[in-house]
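Hi,

Here is the structure I said I would pass on. Have a look at it first, and my notes follow below.

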Amino acid sequence: MAGENPSTLLSLRLAGTWRVGQRFWSKVQKSDGCWIWTGAVSSNGYGEFTIVHGTVVTSHRLSYFLAGGTLSAGQEVLHTCDNYLCVRPDHLYPGTQAENMRDWRERGVRSWSKRHPTAKLTADDVRVIRARLKEGEMHRLIASDFGVCTSCISHIARGARWSSIA
Ligand SMILES: [Zn+2]
């Protein structure tokens, strides 16, 4: 395996050794747009998936590898949609962090709220959102009313964020 970079080796090991894919995709909410990771989320906003006890990878990265993607040295798995929790393979592309910063600038500040999906919600907003969720309203409708992304509403629905608000 000389010349293989660690990422490639990881993907090969994953594909060959564990039934990772099946378990991974059972935690993904697919839609016409982004495919949202519904499993654990790290403090930096990325999805996390435990391959085996003690080995945790970011979910979008794993999705990219499971779809057959590889990385060159210095490259990372980036999003075309700026949605950290999106794991849809065709929303993922390889690039360097510098390219990522440049892409963000080109896409403009409107993507900011997606990268910090709950940043602009107040505690009162969250209470209203929870009430509307109880009524069974579609996440997408609530999200557009509050100007946040659908995954943000999904997070609140699962109690993954704002759990301190009663
Ligand atoms: Zn996406």
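Which strand does His 79 lie in? His 79 belongs to S5, the strand that runs over residues 76–79. Keep in mind as you read on that this is a predicted model.

Staying with that histidine for a moment: is His 79 buried or exposed? It counts as buried, because 21 C-beta neighbours sit inside 10 Å of His 79, and the cut-off for buried is 20 or more. If you set aside the residues within four places in sequence, the contacts of His 79 are His 60, Cys 86, His 91 and Leu 92. As for Asp 90, it is 11 residues away from His 79 in sequence, with a C-alpha to C-alpha distance of 9.1 Å.

One of those contacts, His 60, takes us to helix H3, which spans residues 59–66. H3 is mostly covered, with seven of its eight residues buried. Those seven are Ser 59, His 60, Arg 61, Leu 62, Ser 63, Tyr 64 and Phe 65. Just after the helix comes Gly 68, with a positive phi of about 100 degrees.

Next, the core. The largest nonpolar core is made up of nine residues: Leu 121, Ile 129, Ile 142, Phe 146, Val 148, Cys 149, Cys 152, Ile 153 and Ile 156. Two helices each give two or more residues to this core, H7 (139–146) and H8 (150–158). H8 gives the most, with three.

Which residues of H7 are buried? They are His 139, Ile 142 and Phe 146. Looking down the axis of H7, you find these buried residues within an arc of 70 degrees, so they line one face of the helix. Their cover includes helix H6 (123–134) and also H8. After H7 comes Gly 147, another glycine with a positive phi, this one near 70 degrees.

Finally, a word on confidence. The mean pLDDT of the protein is 77, and 74% of the residues reach 70 or more. The stretch to watch is 109–118, where pLDDT is below 50. That stretch still has 19 contacts in the model beyond near neighbours in sequence. Where pLDDT is low, the predicted coordinates should not be read in detail.

Cheers

Conventions: Residues are numbered from 1 along each chain as its sequence is written. This is a predicted model: local features need pLDDT of at least 70, side-chain atom pairs count only at pLDDT 80 or more; totals for chains, interfaces and linings use all residues. Helices (H or I, at least four residues) and strands (E, at least two) are DSSP runs, numbered from the N terminus. A residue is buried if 20 or more other C-beta atoms lie within 10 Å of its own, exposed if 12 or fewer, and partly exposed in between; C-beta atoms are placed from the backbone. Two residues are in contact if their C-beta atoms, placed from the backbone, lie within 7 Å. pLDDT is the predictor's confidence in each residue, from 0 to 100. A nonpolar core is a set of buried Ala, Val, Leu, Ile, Met, Phe, Trp, Tyr and Cys residues joined through C-beta atoms within 7 Å. The arc is that of the directions from the helix axis to the C-beta atoms.
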